[in-house]
Amino acid sequence: MKKLVLWALALTLVLPARADEGMWLLPLLEKMNGKALREAGCRLTPQEIYNINGSSLKDAIVHFGGGCTAEIISAEGLLVTNHHCGYSSIQGLSTTEHNYLMDGWWAKTRDEELKVPGLTVTFLRKMEDVTDAYDKAEDKRAFVKEAVDRAEKDNPGCKAFVTSFYNKNYWYLITTRVYRDIRFVGAPPASIGKFGGETDNWMWPRHTGDFSMFRVYDDDGKPLRAVRHLKISLKDLKEGDYTMILGYPGRTQRFQTAAELNQMIATNRIRIDARTVRQQIMWDAMCADPDVQLKYADKYASSANGWKKWQGEELAFGKLGIIAREERKEADFVKWYSAKKPRAEKYQEALSDISTAVEGRDEAMKALTLLYEAPLRIELLTLANVLGRRGPEALKDYYKDYVEEIDRKEAVALLTFYRERARKEDYPKDLGDGSDFATMEIGPYVDYLFDTSVLTSPEKLEKALAEEGGLEKIKADDPAFALRDALMAEMMKLYPALESVNEQYEKGSKAFAAGLLEWEKGKPSYPDANSTMRLTYGHVMPYSPKDAVLFQYYTTLEGVMQKEDPSNPEFIVPEKLRRLWEAKDYGRYAAADGRLRTCFLTNNDITGGNSGSPVMDADGNLIGLAFDGNWESMSSDVMFEPDLQRCICVDIHYVLFLVDKFGGAGHLIKEMEFAK
């Protein structure tokens with residue numbers, strides 16, 4: 001049975017797992033990582049990290065908002081995550097009068113804590129391997145529903161789901177507890193929480209105070225009585241110190257083939273080029289107007305993060321020869337399975353199935369990516385989509401951060417970009433005004449689109465809704481709906497090309513992963529990240545990105561002052577922070593040498609979704625927050641690079657200094673528990 005095969009794999013290890021690479025499954029820690037954890041320096045047992053029958057470290061870790069990680073740091077539900085994880089929530093609460101995002105803010109009392117609409121945090125209760133039962137079930141959907149219903153009945157107040165690992169070779173039932181009353185407690189100003197902006201994003205040395213704080217409230221509206229919270233260590237970090245991270249890594253591609261990776265790089269280039277066009281318009285408008293800066297801060301940051309990552313990934317693929325290395329691995333895999341007939345019968349079609357499917361979907365996937373990243377990024381079309389699907393009430397929050405002039409400029413640029421890049425057969429066919437997309441003048445068309453549409457302001461929309469025909473007339477006559485519908489019609493034509501190869505792709509992908517597991521039997525193995533909780537462990541480490549260059553493992557507040565540039569919004573230093581630095585007023589957060597450390601490096605294996613994850617010492621004490629990877633190893637989602645790959649973390653000393661000395665929120669420090 002597959003379950004026994006996986007556990008046998010774990011039991012037959014002859015070498016300890018690498019202490020740097022790996023996003024390890026919690027239920028298998030004892031069997032797969034127990035010895036390696038001890039040898040790496042961990043002083044906790046696997047049961048103290050993950051235990052479904054009692055309190056363990058995992059009970060202090062939450063999935064924050066579905067896309068980040070956070071950790072509970074007090075018995076009363078106080079949590080800390082990255083500033084960029086709380087960015088959207090903080091921006092949504094901000095106004096020109098109360099600009100929490102740009103100015104920073106701290107609640108002085110519980111009554112001042114601000115409820116964040118729509119924000120959730122999720123606690124993991126347990127993970128259960130259901131692979132055997134899933135494989136035996138004739139009706140997979142019925143099995144999943146039954147398993148979920150049973151788990152939710154046995155765990156009142158919880159939610160459950162079934163998800164796959166190792167390219168659908170293994171299946172787990174995961175039970176969680178979701179809390180929906182989350183309140184903003186405080187954060188430093190963006191000049192600290194996002195210091196360095198996109199210039200420093202993915203870069204080292206780093207000096208960003210990337211943290212924010214929230215509180216979880218229970219169903220009765222009271223601060224959550226936490227089952228477990230993390231203690232905090234204020235010991236100075238040394239090179240080689242053991243570190244571990246628990247969190248929710250989003251997606252990796254370490255079980256993909258060279259054909260898939262080539263396609264990924266090609267579609268990412270489309271995304272990069274399209275976002276370059278849109279982001280420049282947003283950036284110019286943000287720099288020219290503080291009000292626009294607040295409204296578009298989250299839109300810009302959300303777009304730019306992936307934009308820069310994909311550029312770094314493309315660069316790293318070339319420098320590190322990622323595709324060629326994958327091709328060599330696949331050639332060795334073919335030699336291995338070809339050596340024995342039973343293996344060849346199981347795996348000989350895996351690579352060809354994947355390659356054929358990838359080729360079959362290639363043009364459609366590129367066309368879909370171009371549609372999504374260019375014309376469908378016009379915000380007017382988003383407004384039409386929301387209005388058509390969810391009604392007028394749903395648009396209230398969208399108009400708060402909408403500027404027609406910016407959207408109009410983006411529309412001209414994005415439609416021009418699309419026409420230049422798209423295949424003519426993918427051009428929209430009916431724009432509602434008789435225009436031919438192939439030959440029309442885009443500028444005048446966009447003027448007509450925005451001048452005529454009633455969606456450009458809440459006032460125009462409200463007036464149109466009150467007229468005869470109301471919403472249905474708007475949907476039938478408004479040019480924004482016409483353009484949206486024309487683009488969606490082209491999108492729907494592309495899906496059959498993806499669906500036609502899906503079965504072949506999944507068959508090949510599953511067989512390829514199964515073959516790799518059998519080929520490497522006896523070695524530690526972990527599945528690709530899929531937004532489930534994982535453990536990664538390693539050490540505090542410097543690195544050398546190129547000849548004669550050595551980056552030490554930590555930065556200090558001196559570096560913030562060295563980077564200061566009052567003319568650049570990414571490198572502005574608040575005056576109060578400067579005064580504290582000049583006075584060296586760091587309190588108990590100073591290192592032994594009297595300096596204040598801001599960030600540090602480890603070789604922990606992380607990816608997107610790990611943002612906000614706790615970086616812990618050998619006893620499980622909080623020493624920092626993971627918030628980034630480094631530029632030289634941007635291919636790390638595909639291949640781990642032990643000499644280059646580093647996790648960039650904000651030091652807990654800097655976090656608490658900013659809360660206490662800079663933010664004046666010492667009452668929050670009193671909630672926390674410190675390791676002795």
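In this predicted model, the side chains of R484 and D485 form a salt bridge, with N and O atoms 2.7 Å apart. R484 is buried, with a relative accessible area of 15%, whereas D485 is partly exposed at 36%. Elsewhere, salt bridges that share partners link E76, R110, E113, R215 and E671 into one network. The structure as a whole holds 51 salt bridges.

**Salt bridges**

- Side chains of opposite charge can pair when their charged atoms come close.
- K429 and E490 provide one case: their side chains meet in a salt bridge with an N to O distance of 3.2 Å.
- K429 lies in the loop between α17 (404–421) and α18 (442–452), while E490 belongs to helix α21 (residues 479–519), so this pair ties together parts that are 61 residues apart in sequence.
- E490 has a relative accessible area of 2%, and it therefore counts as buried, the limit being under 20%.
- A further salt bridge joins E425 to R423, whose closest N and O atoms are 3.7 Å apart.
- R423 has a relative accessibility of 29% and is classed as partly exposed.

**Strand β10 and its partners**

- All 7 of the 7 residues of strand β10 (residues 181–187) are buried, so the strand is largely enclosed by the rest of the structure.
- Strand β5 (residues 105–106) pairs with β10 in the antiparallel sense, over 2 bridges. In this pairing, W105 has A187 of β10 as its bridge partner.
- Strand β6 (residues 114–115) is also paired with β10 in the antiparallel sense, again over 2 bridges. Here K115 stands opposite R183 of β10.
- Strand β11 (residues 212–217) runs antiparallel to β10 and is joined to it by 5 bridges. G186 stands opposite M213 in β11.
- In a regular strand the side chains alternate between the two faces of the sheet.

**The open sheet of 8 strands**

- An open sheet contains 8 strands in the order β1-β13-β12-β18-β19-β20-β17-β16, and its pairing is antiparallel.
- The edges of this sheet are formed by β1 (24–25) and β16 (554–556); each has a single partner strand, so one side of each is left without a neighbour in the sheet.
- Helix α2 (residues 29–40) packs on the sheet and touches β1, β12 (242–247) and β13 (534–539). The direction of helix α2 makes about 20 degrees with that of β13.
- Within the sheet, strand β17 (residues 597–602) pairs with strand β20 (residues 647–651) in the antiparallel sense over 4 bridges. L601 stands opposite I648 of β20 in this arrangement.

**Nonpolar cores**

- The largest nonpolar core has 98 residues, of which M213, M244, L577 and Y654 touch the most other members.
- Helix α24 (residues 652–662) contributes the largest share of this core, 8 residues.
- Another core, of 47 residues, lies apart from the largest one; I270, L368, F437 and V454 are among its members.

**Residue E198**

- E198 is located in helix α9 (residues 197–200).
- With a relative accessible area of 8%, E198 is buried.
- The side chains of E198 and K194 are joined by a polar contact of 3.5 Å.
- Not counting residues up to four places away in sequence, E198 touches Y300, A304, N305, K308 and E570.

**Residue A514**

- A514 is placed in helix α21, the helix that also holds E490.
- The relative accessible area of A514 is 21%, which means that this residue counts as partly exposed, since buried requires a value under 20%.
- A514 and Y166 are 348 residues apart in sequence, yet their C-alpha atoms are 7.5 Å apart in space.
- With residues up to four places away in sequence left out, A514 touches N169 and Y347.

Note on methods: Residues are numbered from 1 along each chain as its sequence is written. This is a predicted model: local features need pLDDT of at least 70, side-chain atom pairs count only at pLDDT 80 or more; totals for chains, interfaces and linings use all residues. Side-chain values use heavy atoms; hydrogens and water are left out. A salt bridge is a side-chain nitrogen of Lys or Arg within 4 Å of a carboxyl oxygen of Asp or Glu. Buried means under 20% relative accessible area, exposed over 50%, partly exposed in between (1.4 Å probe, protein chains only). Two strands pair if DSSP finds at least two bridges between them. A polar contact is a pair of N or O atoms within 3.5 Å; within protein, one must be able to donate a hydrogen and the other to accept it, and residues adjacent in sequence count only if both atoms are side-chain atoms. Contact means heavy atoms within 4.5 Å. Axes are lines fitted to C-alpha atoms, for helices over the stretch in contact, and angles run from 0 to 180 degrees between N-to-C directions. A nonpolar core is a set of buried Ala, Val, Leu, Ile, Met, Phe, Trp, Tyr and Cys residues joined through side-chain atoms within 4.5 Å.
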